[in-house]
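Reader: I have a new structure open and would like to go through it piece by piece. Can you take my questions as they come?

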Amino acid sequence: MQIATKDISAVSLVKAALDKAKRCENYNIFVSLNEENALKKAEEIDKKIAAGEKVGRLAGVPYALKDNFLSKEGNTTASSKILEPFKSPITATSVEKLEAEGAIMIGRTNMDSFAHGSSTENSYFGVTKNAKDETRVAGGSSGGSAVAVAKGIVEFATGTDTGGSIRQPASFNGVYGFKPTYGTISRYGVVAMASSTDCIGFFAKSAADLDLLISITSGQDPKDMTTLPDYYNSGGSANDGISQPCAPKLGAQQASPVETGAREAGLANAVVSAPARVIGVIKDFDNDAVSSDIRQTLTDKIAELEAKGHKIVELDMPALKYALAVYYIVVPAEISSNLSRHDGIRYGYRSKDATNLGEVYSKSRNDGFMSENKRRIMIGHFVLSSGWYDAYYLKAQKARTLIIKEYENAFKKCDFILTPVSPNPAFKIGEKVNNPVSMYLEDVMSVPVNLAGIPGLTIPVGETKDGLSLGLQLLGPRRSDKKLLQFAAEITNIKENK
Amino acid sequence: MKITREDINHLAELSNFSLSDEEATSLGKDLENIIKYISQLDELDVKDVEPTYQVFEMENVWREDKILPQDADREQLLALAPESQEHQIKVPKVL
């Protein structure tokens, strides 16, 4: 990515990004722009460069911030009415780390309210349009961030991924999107959705850029007790849970190095010749519910990997078909708890019609949440309520164990798994928004990854004949994030990278 | 499973929502469809399986019992409240 230098000023980079953002207004990418602050920061970086002072690894790089990251710049609304007036007094750890390296936030991006949705249609601030076709959805919940990168406005954008909210919009708009291992990046200062699956990640134009961003933002944070020690920058440890590479079982084949674009992609520590890998393909995902374009893309990619010397194995993972049901029990349960804090008392919107305390809660919450927020909160209360707890919540948590075991077994047979991100490319705006279950079905291939806490990367792989973006996702075992990004850089066609 | 108006009213109360009649009807229909979908877990045998509540690999992350500097002070936090008076958050009457 282009950082500011003596010849290319931070101010010029930021101005160009803001100009592009304004030219793309019809896509409804941003909830708010951060023009004044961004230009001021850019001037400071240019002064440092002129004075020969050291600047950060992201000096002057404009980026877009998903609207659920708390920072002192602008209002953090989570694209909701209930947080519309909220001006955060604190800044998320991840944002502090990016800014310490000189990255400059040019605007906050639109999302499904509280990240509840798969299309960015559930935003209080209107629908974000797909980068390739304005009649189609951007995907979600991080739709604004995906389109901001796809339209070339910013070099990268932040996202959160609780069930696919980075990987699916990345796929719908033709960019890279990475959800790291659960606990890699601090969640401190990010609006909570479902604490056991929420992950911070990024949209970018290459695996190499993602590598840099994860290396900057990963690590333990005393303010988030669920952050892992910094395995990403320390190369993992003996007990880090990464399975040994499966490739040595291949015999003679592994000796032949694979031609790659890794060096050109500039990924730190990547080597020019990569070892042959074993790639798992999930048998159960190859069915009629998956669009023919996506199945063809997967078939083509498999052939390409085989031609490069990698080995393909078929995986039988029958519990995965229950992952969506598990997800829509566990996640609403956590949502119903996490979103109870939004009550109109301490911050955010308070209903003017409330005449007593009880009405402050119920009217503020009723006005302040969108229908999809209400559905999820109510489902959460349902699955946790006495009488239904054992049949739904407890059963789902047991099924979650089966899903995790299936991945663990799979990664004994392969290094990485290659699957579609979603069953279809970007759908039409309005097509699914009134049918929650049909919207949820779009998440069927992305949610199992969050239930297991493993890393997942969307790589853009082409377009349909109508020009809609197609992506595939690469999955690895927990804490294999660096290897996963390296492998993606190795197999990426160099021209796709530019 | 049928979701009755009574069920919806109960869930709305647990959720602290003052739903309109129209909203209650439409959410009731949605919830019924969602519950029908998630009920497919009925066919799964999990008798001897332990539940997983979190996928974080560590337990009991300790820190010293020491007050650390806070990111926001009392006045900043009070300023976020829709109404405040004399260093307190103000709400309408409770009863």
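Reader: Where is B:P82 found?
Author: B:P82 is in the loop between α3 (74-80) and β1 (84-85) of chain B. Helices (H or I, at least four residues) and strands (E, at least two) are DSSP runs, numbered from the N terminus. This is a predicted model, in which local features need pLDDT of at least 70, side-chain atom pairs count only at pLDDT 80 or more, and totals for chains, interfaces and linings use all residues. Residues are numbered from 1 along each chain as its sequence is written, chains are lettered from A and ligands numbered from 1 in the order in which they are written, and side-chain values use heavy atoms, with hydrogens and water left out.

Reader: What is B:P82 in contact with, leaving aside its neighbours within four places in sequence?
Author: On that count, B:P82 is in contact with A:G344, A:I345, A:R346, A:Y347, A:G348 and A:R350. Contact means heavy atoms within 4.5 Å.

Reader: And what is the relative accessible area of B:P82?
Author: It is 34%, so B:P82 is partly exposed. The cut-offs are under 20% relative accessible area for buried and over 50% for exposed, with partly exposed in between (1.4 Å probe, protein chains only).

Reader: How far apart are the C-alpha atoms of B:P82 and B:G28?
Author: They are separated by 32 Å, and the two residues are 54 residues apart along the chain.

Reader: B:G28 then. Which residues of α2(B) are buried?
Author: B:G28 is one of them, along with B:E23, B:A24, B:L27, B:D30, B:L31, B:I34, B:I35, B:Y37 and B:I38. The buried residues of α2(B) pack against α1 (5-15) of chain B and, in chain A, against α10 (323-338), α11 (357-368), α12 (371-384), α13 (390-413) and α14 (436-441).

Reader: What span should helix α2 of chain B have?
Author: Helix α2 (residues 21-38) of chain B has 18 residues, so at 1.5 Å a residue it should span 26 Å, and its end C-alpha atoms are 26 Å apart, which agrees. The expected span is 1.5 Å times one less than the number of residues.

Reader: At what angle do α12(A) and α2(B) pack?
Author: The angle is about 55°, and the axes are 10 Å apart. That makes α12(A) oblique to α2(B). Axes are lines fitted to C-alpha atoms, for helices over the stretch in contact, and angles run from 0 to 180 degrees between N-to-C directions. Under 35 degrees counts as roughly parallel, over 145 as roughly antiparallel, 65 to 115 as roughly perpendicular and the rest as oblique.

Reader: Which residues make the contact?
Author: From α12(A) there are A:S371, A:K374, A:R375, A:M378, A:I379, A:F382 and A:V383, and from α2(B) there are B:E23, B:L27, B:D30, B:L31, B:I34, B:I35 and B:I38. By class, the contact of α12(A) with α2(B) has nine nonpolar, one polar and four charged residues. Ala, Val, Leu, Ile, Met, Phe, Trp, Tyr, Cys and Pro count as nonpolar, Asp, Glu, Lys and Arg as charged, and the others, Gly among them, as polar.

Reader: Chain A now. How do the axes of α1(A) and α2(A) cross?
Author: The axes of helix α1 (residues 10-23) of chain A and α2(A) cross at roughly 160° and come within 7 Å. That makes α1(A) roughly antiparallel to α2(A). The residues of this contact divide into eight nonpolar, no polar and five charged.

Reader: Where is A:N34, and is it buried or exposed?
Author: A:N34 sits in the loop between β1 (30-33) and α2 (35-50) of chain A. Its relative accessible area is 8%, so A:N34 is buried. Not counting residues up to four places away in sequence, A:N34 touches A:E73, A:M105, A:I106 and A:G107.

Reader: What about the backbone: which peptide bond is cis?
Author: The bond from A:G140 to A:S141 is cis, with omega near 10°. A:S141 lies in the loop between β3 (104-109) and α4 of chain A. Most residues other than glycine have a negative phi, and most peptide bonds are trans.

Reader: What is phi of A:A115?
Author: Phi of A:A115 is near 70°, a positive value in a residue other than glycine. A:A115 is also in the loop between β3 and α4 of chain A, and at 4% relative accessibility it counts as buried.

Reader: And A:N28, what is its phi?
Author: A:N28 has a positive phi of about 55° although it is not a glycine. A:N28 lies in the loop between α1 and β1 of chain A and, at 22% relative accessibility, counts as partly exposed.
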